[in-house]
Amino acid sequence: MKFGEQIKSKRYPEWRFHYMDYDYLKSILKERTAKSAYFSDGDEAAFVQALEKELEKVFDFRDVKGGELTRHVQDVEKRVHAHLGDNDVINELQKEIERITLELMELANFTRLNYTGFIKILKKHDKYTAYMLKPMFMVRLNSRPLYLENLDNLILRLSKLYDVIRNGGQREDVSNDAAGSAQNFVRKTTKYWVHPDNVTELKFYIMKHLPILVFDKKKTTPDPAISSVYYDNDDMELYTGRLEKTEGAIALRLRWYGSDEPQEVFVERKTHREDWTGETSVKSRFVLKEKHVNDFLSGAYTLDKSVEKMRDKKSKSDEELEAMMTLSREIQNVVLEKKLKPAVRTFYNRTAFQLPGDARVRISLDTELSMIREDPPRNQGNWRRPDVLCEYPFNNLPSDEIVRFPYAILEVKLQTQMGQEPPKWVQDLVQGHLVEEVPKFSKFIHGCSTLLEHKVTLFPFWLPQMDVDIRKQPAQMVDETAREIEKEKRRPIEEAINRDISVTKRLSKNHKDVTIEMPKEDAEDESDEEKPLLGLSRKHQASSIFSIFTTKRKPVNDQKNGKKIAVPVRVEPKVFFANERTFLSWVQFSIFLGGTASVFLSLPNNPTATFSAYLFISVAVLFALYALFLYQWRAHRIRTRHPGPYDDRVGPVILVIAFLAAMISSFIFHLTTTKP
């Protein structure tokens, strides 16, 4: 779909006169470039004037509508708190909150759609004229950004309103063991990609069921910025271990929160545990003052003094302090022994959703995800790069030192009792059109595989899928009440639009001579507008991340450089037990043959029995050695998560032939040695 048609189909009908007139701006370029081979100064002045007019129209509406929604939210907040307990009034206010939510979501889509339109028309202008307008105009656009500056604040306030209505103004304290003992819980974490077009809608959907979690109660907005510097060595040992999901593989990172210079840094270690071990992967951390980080990593600083101060203040128990000391020593030893250095940095803004004190459903949404190279000499011998601040989109960095991830990352953590299903709204969310599941996605792994490609030999399975458009056909995810309200609002407007379209079609049939022809080279540019965000045709959009699981189950060679792609293989405990059962079956048969041979040896003065015994003992030993080899070979492949195959088509054939040969030889020996 061409963008001119796209903006018409996606716009909010009630606001249709406030969107940029993309077709009008494009027609100016068509008309002027079609009449002459060059774009004159007068043509450029006319186009810039029209562009400024459209930009002001969009700016003005955004400001007016944003102010209107802010005042509307303030009014509803007062009325909700004034009528708590009056169910009739609260129900009406809930419908009003639904309408505000829908309008705020439409306003977010309004700004995104118009921003995309301005970028596209600037690109078209610079391509077909001799003037470069985009760099200068982007400065103008960034000085007064299209996005609503207080959007996050309004989303947080709406989240609180939904929470108040859900709980009648009361907050029930729920402990982490709300539904029973921790041993009876099943914990599951799943990650998803979210297309930027769906981020706002996703936030609104989640906040109807879970409040936005604000860690600092003194602030009115969340603290979203999270930065982490991941460490590895020249052999990318930690990267490989995490990618292959090796038992006990660790990831080491230094993390800080907020967009300011870090004062405190969290030193964290994540340890992977296989499911079959009965243990869960763990994340352990302790805090350091920023001024001590370099000395700690070099081994010149320990936590001894800090721990003693905390012990004197009794701020932590002796067990916690001992665990902190043990963790710090282990991390310090790993850094020194493995010669770990800064590898990549990740930056993102996080919105967390969770009921306070209740960990049964925890959801986080990370946006503006960026990966930055931190390897020497870029870090200048420091624990992090001093030339990179927490200022997205990091325009000061060259393109080969940063990856701006095209999607948001949704992480859903569920903690349910045995046999209990997750909440239905969560199931609807993860099965809907807003998200695309990507099992075991890792920011650290993605950053290393894209920025440090020259150092790695194995790539994550999702890397080849980056060119697939994850957008799906939308499914309606608003409540029935909001749907009916919106349907009634749109009906008269849509009828009017349909009448306008009918008239336009009739006029176009009678006035074909007014049609402006597009130059041929521009037809290619129009075809670009039909392409999805990541460059594949529509017929490929149905492709899913799961397509790679339903085809090849072994490492796939990368045709470009001969490197391999790691396909995740889930190892269940029953796989180990099946290998053991197969081993015991072979051993049981070996014992049977050995026992039979022993009976033959006990027969006195019988050459045939003695000959057969030697044969069968040899075959029994052969069977036992084969069973041991096969068991160890399969166990190694299971532990290393080798995707297979695990069967052996040669060994059993050789053993059967050897067994048959032993029986035939015994029979022939008996015939030749027996006297008639």
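How many residues does helix α11 have, and how far does the helix reach from its first C-alpha to its last? In this predicted model, α11 spans residues 318–337 and has 20 residues. The helix reaches 28 Å, close to the 28 Å expected at 1.5 Å a residue. K339 follows α11 and has a positive phi, near 55 degrees.

One set of α11 residues is buried: L321, M324, M325, L327, S328, I331, Q332, V334 and V335. These buried residues pack against three strands, β3 (250–257), β4 (264–271) and β5 (282–289). They also pack against two helices, α9 (293–298) and α10 (304–313).

Strand β4 contains V267. The relative accessibility of V267 is 1%, so this residue counts as buried. Its contacts, leaving aside residues up to four places away in sequence, are R253, L254, S284, R285, F286, L288, F296 and I331. I331 is among the buried residues of α11. V267 and V287 lie 20 residues apart in sequence. In space, their C-alpha atoms are 6.1 Å apart.

The wider setting is the whole protein chain. The chain has 18 helices and 13 strands. It comprises 676 residues, of which 42% count as buried. Among contacts with a separation of 6 or more, 75% join residues 24 or more positions apart. The accessible surface of the chain comes to about 36,900 Å². Carbon and sulfur atoms account for 54% of that surface.

Methods. Residues are numbered from 1 along each chain as its sequence is written. This is a predicted model: local features need pLDDT of at least 70, side-chain atom pairs count only at pLDDT 80 or more; totals for chains, interfaces and linings use all residues. Side-chain values use heavy atoms; hydrogens and water are left out. Helices (H or I, at least four residues) and strands (E, at least two) are DSSP runs, numbered from the N terminus. The expected span of a helix is 1.5 Å times one less than its number of residues. Buried means under 20% relative accessible area, exposed over 50%, partly exposed in between (1.4 Å probe, protein chains only). Contact means heavy atoms within 4.5 Å. Accessible areas come from the Shrake-Rupley method with a 1.4 Å probe; for residues, only the protein chains shown count as cover.
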